[in-house]
Amino acid sequence: MCGARSGSFRFGIGQASVCRLLVGLRIGFLGDSLKREHLESVFLLVLVGVLLWTGIAALYDYRLSHSSPWGYFASDAIHNLYQSQNLYDVGNWKYVLPYIAAGYADVVSYMLPMLAHLNVNLAYASGLAPSDTLMFLCVLLSVVSALLMYILIKDYNGTVALLSAPIFAFLFLKNFYTAITWGQLTYLAGSFFLIASVVLLRHLKEKGIFVPFAILVSAIFLAHTSEFFFFLGFVVVYLLYDLLFKKTLNLTLVKKLALSAVLVSLISFYYMVIFFNSYYANYGPSSFKWFTVVSDAGFRIAYLSDFGWLFLLPILVGFAVSLYLIFKKKAHLSMLFASFMLFVGLLNYIGIGNRSFQTRFFWPVYLSVFFGIFLYQCLKLFMKRENSLFVSIASLAILVFVVISFQARNLDQGLLNPYHWDAYQWLKSDTPTAARVYFFYGDTFDQNAQLLIPARFATYAMNKGIAQNLNDMIIPRDFFSRFLVNAEFLPYRKSFFSFGYHLLEENISTEHLVDVCNYDYYVFDKSSAYYPALAQYNLAIRQVMLGSGFTEEVYSNELVSILENMQPGKDCIPKEGVKLK
Amino acid sequence: MNYRKEISVLATLFIVLFIIAKIVFFLENFFVVLRLVASLFWLFVLPGYAIMLYWNESLDLPKRLLLGFALSAAVLGISSYYLGILGLHIRYHLFVIPTAMIILGIVLEVKKKK
């Protein structure tokens with residue numbers, strides 16, 4: 001390459017030497033680039049491995065397939081499970097199944113569709129049960145969200161991105177992990193698409209990229225709608241930042257956003273109509289509560305203190321540095337986005353309530369950039385030249401330290417033990433679709449979503465009624481009960497834009513005294529870990545029913561007994577009740 | 001655009017992700033893990049990669065892979081929702097949607113080259 005060439009000019013000896021030196025340096029530079037690229041690939045793959053290990057390995061008992069579900073620790077998680085199972089069985093999301101719609105067959109399926117459809121497609125493709133793919137999918141989406149945030153930060157500074165990575169581990173630690181274990185799963189899916197949309201926002205000027213951008217934004221709406229509104233808020237903040245601080249308005253960006261908005265409206269239109277006539281009509285206005293400090297939606301709240309002071313202080317310092325850069329008009333999109341999502345997570349104090357609390361579960365992703373900025377500034381004080389190998393190893397070491405320090409120990413299977421699961425599957429496969437099932441006391445039945453797994457009309461005895469009966473030493477004919485429906489209003493379509501609400505129009509009450517002899521099947525827990533007296537009471541009721549001659553036992557395992565009522569309406573329990581001795 | 005290099009990266013990624021998955025789920029059967037990883041590639045990696053090829057000059061491979069993953073998920077979820085409402089049982093969606101996306105991606109790339 002540096003030899004004499006025919007044609008233009010010839011190298012002298014000195015020039016050839018210089019040329020060889022420059023070529024050598026260029027190859028050396030390329031070699032360094034290749035090494036950096038490989039190093040980063042190895043770093044990212046190790047990061048993925050550690051995050052997956054932390055998030056799903058123990059939760060799933062180091063397996064993918066299970067005889068009964070692992071990882072479901074609350075009703076919300078089980079809601080997602082049976083919705084996926086219903087979709088798996090029925091094949092579409094058109095109508096809510098009658099057993100959770102008070103028997104109505106025309107109730108529009110208004111639940112957020114995205115996660116269930118992803119899960120069921122994965123279940124069919126992998127051959128695993130939807131209950132096995134669901135938690136795995138949510139952990140995977142969380143991990144990919146972290147990687148998306150990584151590449152967003154990398155656009156600012158590669159070293160900051162490497163140093164931000166250890167904070168991602170908190171996704172699966174402390175209160176942040178309850179987003180998965182306690183079932184804030186649709187929120188996770190919404191956040192995943194939100195982050196992807198923000199990453200693509202930077203590239204909106206590219207020809208045609210507004211189309212995938214619009215698809216991602218539509219996906220936010222169908223995954224978890226509150227994230228859609230937070231995303232809109234961020235886009236406004238992003239534009240205002242340029243307008244107010246940099247005194248510019250990127251008209252090309254505005255035009256692309258407008259085009260995207262049209263596409264989003266078209267793609268999401270069908271579900272938008274359903275959402276605003278169902279969820280929003282019933283819950284929307286009442287969601288706004290000033291100064292909410294506890295969640296009334298049954299999930300744990302994550303706090304900044306969950307990072308531990310060792311990691312929180314660097315995050316706060318990094319946030320302060322980012323604020324400085326924001327006001328100096330030098331902030332990168334990742335800092336603006338992280339600051340915005342920190343602010344959104346604190347909006348519970350000014351009216352956003354539960355939706356604000358939910359965004360905190362992804363603070364380990366959003367706020368990671370602040371940690372990276374802090375470490376980077378510290379590194380600059382001690383290292384004159386950046387050393388990617390040292391930074392990568394240090395980052396992975398901190399990551400492993402975080403995992404070892406904070407990982408939950410001794411995770412058990414969760415709410416759905418093999419005995420109840422097997423009983424539910426028996427009910428699902430061996431009883432008529434329209435069967436009415438009555439559940440007496442069970443230790444975990446306050447997490448009542450599990451009672452919908454058998455896909456039968458489900459009613460359960462409320463604990464306060466049972467306790468009162470036991471106190472009075474009587475087995476009554478009528479029990480104070482709750483009839484399970486999936487929602488409080490049961491919307492149905494009168495026309496494309498107009499909806500009625502069965503629950504409101506027919507004034508259906510879900511909690512009242514019921515004659516238990518009007519049911520087809522009865523589920524009894526034979527033992528209790530917390531209230532043995534209530535389990536004994538169960539067995540006493542069971543004995544009375546068997547003694548009536550109208551019922552017989554059709555299923556039994558170590559924990560659960562199921563009786564079938566051969567003649568509903570007859571006296572399976574005497575009308576006057578039975579006094580206990 | 002070096003297609004061979006990118007395909008070899010995808011192949012390597014598949015193998016490495018399988019190894020990671022087998023370590024994470026070390027008590028699980030080899031073929032169950034293999035099928036899961038293959039499913040992930042079929043549903044979430046290949047369709048998105050094919051579509052994002054259109055922007056291979058402005059976005060590097062890691063960005064295209066990750067954004068492609070998100071795009072695959074978005075298209076899969078949205079299309080599956082609508083196809084179900086239109087009457088196609090969801091068990092068929094995993095054949096229709098990724099195939100359509102991959103073909104579309106290839107067509108867009110070929111048209112761009114022309």
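Ground rules. The model is predicted: local features need pLDDT of at least 70, side-chain atom pairs count only at pLDDT 80 or more, and totals for chains, interfaces and linings use all residues. Residues are numbered from 1 along each chain as its sequence is written, chains are lettered from A and ligands numbered from 1 in the order in which they are written, and side-chain values use heavy atoms, with hydrogens and water left out.

Chain A, overall. It has 21 helices and 13 strands. Those are DSSP runs, numbered from the N terminus: H or I for helices, at least four residues, and E for strands, at least two. The C-alpha atoms fill a box of roughly 115 × 50 × 50 Å along the principal axes. Of 581 residues, 56% count as buried. Buried is under 20% relative accessible area, exposed is over 50%, and partly exposed is in between, with a 1.4 Å probe and protein chains only. Take the contacts in chain A with a separation of 6 or more: 74% of them join residues 24 or more positions apart. Contact here is heavy atoms within 4.5 Å.

Now the interface. How many residues of chain A are in contact with chain B? The count is 65, against 46 residues of chain B. The buried area is about 4,800 Å², and carbon and sulfur atoms give 77% of that. That area is the accessible area, 1.4 Å probe, that two parts lose on being put together, summed over both. A:Leu64, A:Asn121 and A:Tyr124 supply 13% of what chain A buries against chain B, more than any other three residues.

A:Asp155 meets B:Lys63, N to O, at 2.8 Å. The cut-off is a side-chain nitrogen of Lys or Arg within 4 Å of a carboxyl oxygen of Asp or Glu. Several helices of chain A each supply at least two residues to this side, including H1 (13-57), H4 (130-154) and H10 (251-277). H3(A) gives the most, nine residues.

Most residues other than glycine have a negative phi. Which way does A:Ala102 go, positive or negative? Positive, near 55°. A:Ala102 is in the loop between H2 and H3 and is partly exposed, at 22% relative accessible area. A:Lys174 also has a positive phi, about 50°. A:Lys174 lies in the loop between H5 (158-164) and H6 (178-181), partly exposed at 36%.
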